[in-house]
Amino acid sequence: MSLLHFFKKQLQSLSTKHHQDSSMQSLSHDLTANFKHIQSLFSYAPDFTYKSFMSKSGSHCMLLFLDNLVDQEKLNNQILKPLQYDINQVNKDAIPFDRIEEKNKISDLENALLTGNSVLLEEGQTNALIFSTQNFPLRSISEPKTESTLKGSQQGFIESIGKNIALIRRYLPNRQLMIKSYSVGKRAPTQVALIFLHDVANPEIIAEVEDRIQQIQVDSIINTGELIEYIEDHPSSVFPQILQTERPDAVASHLLQGRFAILVDHSPYSLVAPMTFFNFFSVIDDYSNRWMTTTFFRFLRYWGFFIATSLPAFYIATLTFSYEILPVDLLFSIGESRIQVPFHPLIEALIMEVSSVTINIASARLTAPVGQTVGIVGGVILGQAAVQAGIVSNIMVIVIAITTLSTFIIPNTDVSSSVQIIRFPMMIIASLFGFTGISIGYMIIAALIINMESFGVSFGNPVSPIHLHEWKDLMIRFPNWKIHERPVSADTVQAQRDGNSRQSGDQ
Amino acid sequence: MQKYAYNQISLMQYIFLLYKTQLGIGVFTLPRIVAEDVGHDGWISILLGYMLSNIVSILVIKLMEKHPDQTLYEILPCFFGKWVGNLINIILILFTLIGASIVIFGIISIVQVWSMPKSHQFVLMLLFLVPVYLVTKQGVRNMSNYAQFVFLFTMWQPLLIMSTIYDAEILNFLPIFSEGIPHVLEGVRGTLFSFMGFEMSFFLYPFLKDKKHAIRGVIIANTLCLNILLSVTLICFSKFSQEEILDFIWPTLNLLKTIQTPVLERLEIPFLSFYLPVVLISVVTYLYISLLGITTLTKKSNHIPYLWIVLLAWTILSIFYTPSINTLGIVSDWWTEASIYIVFYFSVFLWGYSLIYHRWQKRGLG
Amino acid sequence: MKYLQIMFILILLLWTTGCDDFLLIEEVDTIIVFGLDTSDKEGAFTFFEASPVFSETADKKYNIKKAVAHSAREARNILNAQATGHTVGGKIQLVILGKNLLKEKNIYPHLDVLFRDPKNEINARMLVVDGDVDQFLGADMKDKGRIGIVIPDIMRTTHRVGGTVDTLLLDYHRQMMDKRVTPSMSEMTKMEDELIVTGTALLNREGLYAQSINRRESSLLLMLQRQTNNPLSLDFRLPEDFVKAENERTEMSINIDNINYETQVNCDQENFELMIDMDIKGDITQKLFYFDMENRKQDFEKQLDKQLAEDFEKLIAKFQQDELDPAGFGRYAKAYCYPQWKKIKNDWPKDFAKSKVTIRPHIEIRDYGVQY
């Protein structure tokens, strides 16, 4: 066993050593040797392509690139054509191309090729020219899929970090908008950008985030969701502590409130933090709707959270412990519908709840027409049949329907999934202890929320601790010109917003 | 010196922590207790109890102002020397610990009587200790955040109690001072148990960030508490006759039992369940303060091991010993008696002593 | 992570110890009506319990059980032996007492079980049945519905128009405890398979049945008790010479919306003296004769005042005759004459019988409908 282990280790160290040796080398004067060397690194890459040509000045050149990662048009018109016919020297300054770098390390060239650049080798030169000719397969900017809006912009992030930064900058053309770029991942380095308003965001928080990002040691970061797990404060909590959004306007709004955003290359989502529990209940549309409408919606959302976490629990508690709280008429109708059901209300609730969550997950992955069918078959027909077969009672179906609807009032999908998870322990504790259990359940949830801190900010802000002036944007959304302060929960350096006044009267 | 700075609380947090500590199981029995002691003038005793509490609270703050970075546990050895000071500290620790125990065993017995008569005390104890542990382990700041949450979460409860006022009988309050003023004064003693909790300023003051407004904070907390106690008592008196109140052990819950809405009836069941957070926050405060005393005495910085010991002791106690309502009543009477000495007499004494002590010290220096 | 483990252990512990309090509503026998009547056995009562039946196969919607026992708990044990599920009292809507029983015994101690157990409903309505409770409960309810809902509905409707008092179990408890009033409760009887409210039954200080008053007198009692939340309907028959001879009928009715009370208490005399001025605002709802309201409204109102005052006088005399104070005049005695009250507080009804109570109604007619 140990022998095997030893050999493995030896082998590993050998291979890494070899790899390092070959890539750490610099270019030599010999073009063919250089080419051979690079080609050997890409021996199993069928998309590795090269073009050998004589420049106008007469030197032998080779252009290397990975097919489909580069822009053929640019390659032909802006590099090959001028070099072969127009200019006399192969020189960084002479070639009419916007971004050219000069490198002599093989490893740099390798990285450049892998990220879509083209490399020009010239006979007798120890420096290679690297052209930014990237042209990844990209989709065009489209409207956000998971956060559709009625009144906001219809642009969502796409899979390119450069484009995404540009989208944000369009909202905030300000010198103070700072973007710090990091490369995360050993095997496949991914570009990660930390964005914040320099004079607003708290430098301590920014330093903390920077530190956390730099400490990540992984192969690669594929999606923003993976990054979250490395940087959030409480990875084992049910609640999300970092907002994932695909809307540039939402990011801009949060940046203005003093939070920071993180963009990850290849991912159409941006991260926003530090968030508090209650921030997840507002969306960017809230500020475009009339404030009364928004207030009403917000009340509905909090109510939805309450219902979605505990309505089945209340149903179970009432039926198994405190039937007294029902008026007689209601008691009779529930009793009549329950008499056909042979199961304990908890089992009944679990059957319906699990099927409802199943329908939800199933239809989320399916295309729209099929998803609708699944919803109808699952929701309507299954529910109806279950009642007729005497597996669940009528009232239970109503309870589950209301619960499921309430789950989707909550605008953030992460929070609504946590709510779905919380619902089950609540149901169990209600079936064991009735209303006392529900109350204790709420206390535990509250204690967990209050005990959490996200980037040094209490997660329960602004409700516990109470920050009254921040309540202007909690349940009741005050008119925008009434909200002068930036939220305390973002812990900003600059607490006042700029020029947030509305002239009163005719003055 | 800023030992408590890492856990500082704002004035708002301070108010709510005091207020929610004061509001415990006293609300359920207060109308009966004052009816027993005073009769239908009992509400005046509550007002007097409030004033007395305010006076003592102000003295406590005045005392603490001279020692802004120390809790009472650290002041006492300063005042009286190491041995006597620590002896008093031990008494204080026992006092707060027994206070916490009375409240938690009391609420368990109330829950058992009103909603879960067949459940074993041990099971409920385990259930209640989960949130108690989660909150207590985090220290003062999270406790006060929690108190704020509890305040918001239970804001509907005073409204619910108010809603029972519709058939109020004003004649029940006449004549005022029927048995004379001395009789009303005697009843003040019985109301003090319900105001108990403001003495936490002794220990919470060093945590307060905005120390200038400490007096205002305590008075607001007392007033909020008075608001609840007085309205509960007034409504109980106006709805029930004196003879009837004496017949109820927990008149407040009987009051809630009368509410009937089209959707829900028997609101005392959800009320009692959702009043639990309020009661547990006063358990948490008393428990934490006694743990703070233990850590001060043993010069440790971490209170969680002691927390575990207390929780374990409570759990074991709840398995082997089930106090009857009577026993609880007797123990809480003792405790009230002790608290009158410790909180009222001792605070006043301490305040007077501190005046002399500081003058003496100044002279010694001069 | 550590506390997650702890919580997991805790949940496991809780799960294994469990909780014995749970019950399923469709499996318990929920008592809706609780009845009490005399029995042939010495010292024993007949107990009745009606509970709903949820089973689809059963014909009847409810199920009435009875048992002869010495106490309610004993009866419960007997009845449990025939019940399909655990019997619970959390939703009692109606407590029925036989009039014959009330004449012999104070049943207050026997209802103790209803007050003591916090799970029991104290908002149940109290009802005295003139006749046999067994027969009363046996009424044909096919065209009405569940007995526990129908009877309280009848009682509530009658109370709303002023036909009877609305005494809940909790009010009964208060009236028995409170030294300032004597108990009163609704009275019903069974007439040819119809259940009808006949008025109010009055109990004396000892909790024994004393007398009954009819529906009109009940309206007056409600006015004295200040329970005029709903418009009360009062019928009058005016003297013929007042209305003039050309009219055949002399009946009329008014709806009373609002009464303002003014009380004057005199404690100086040997006996307690009370004078209540009632400012009554009413609307005419029926008037079977012509009267020149435009010019003689004052006279009309005066006449009504006079008649009403006489009615009150008669009613109070009736109360005093049996030493009853269902209107709670003792509250005024306690509030305004406390030193005297302290001497007589255990014997208030006796003292009330000697007291002088004067009611002076002042009716103001506000509305005639759409014709004079």
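Modeller: In this predicted model, chain A and chain B bury about 2,800 Å² between them, and carbon and sulfur atoms give 76% of that area.

Colleague: What is the count of salt bridges between chain A and chain B?

Modeller: The count is zero. Residue pairs in polar contact, with both residues at pLDDT 80 or more, number six between chain A and chain B.

Colleague: Let us turn to chain B and chain C. What area do they bury between them?

Modeller: They bury about 3,300 Å², with 57% of it on carbon and sulfur atoms. Leu171(B), Glu243(B) and Arg266(B) account for 18% of the area that chain B buries against chain C, more than any other three residues. The contact draws 39 residues from chain B and 36 residues from chain C.

Colleague: Why is the pair Arg331(C) and Glu169(B) called a salt bridge?

Modeller: The closest N and O atoms of Arg331(C) and Glu169(B) are 3.2 Å apart. The cut-off is 4 Å between a side-chain nitrogen of Lys or Arg and a carboxyl oxygen of Asp or Glu; 3.2 Å is within 4 Å, so the pair qualifies. Three salt bridges are found across the interface of chain B and chain C.

Colleague: What else is counted between chain B and chain C?

Modeller: There are 14 residue pairs in polar contact, both residues being at pLDDT 80 or more. Among the helices of chain B, α6(B) gives the most to the side that touches chain C, with six residues. By class, that side of chain B has 17 nonpolar, 10 polar and 12 charged residues.

Colleague: What makes Thr191(B) count as buried?

Modeller: Its relative accessibility is 1%. Buried means under 20%, and 1% is under 20%, so Thr191(B) is classed as buried. Thr191(B) lies in helix α9 (residues 181-195) of chain B.

Colleague: Which residues is Thr191(B) in contact with, leaving aside neighbours within four places in sequence?

Modeller: They are Leu30(B), Val34(B), Ser45(B), Ile46(B) and Gly49(B).

Terms used. Residues are numbered from 1 along each chain as its sequence is written. Chains are lettered from A and ligands numbered from 1 in the order in which they are written. This is a predicted model: local features need pLDDT of at least 70, side-chain atom pairs count only at pLDDT 80 or more; totals for chains, interfaces and linings use all residues. Side-chain values use heavy atoms; hydrogens and water are left out. Buried area is the accessible area (1.4 Å probe) that two parts lose on being put together, summed over both. A polar contact is a pair of N or O atoms within 3.5 Å; within protein, one must be able to donate a hydrogen and the other to accept it, and residues adjacent in sequence count only if both atoms are side-chain atoms. Contact means heavy atoms within 4.5 Å. Helices (H or I, at least four residues) and strands (E, at least two) are DSSP runs, numbered from the N terminus. Ala, Val, Leu, Ile, Met, Phe, Trp, Tyr, Cys and Pro count as nonpolar, Asp, Glu, Lys and Arg as charged, and the others, Gly among them, as polar. Buried means under 20% relative accessible area, exposed over 50%, partly exposed in between (1.4 Å probe, protein chains only).
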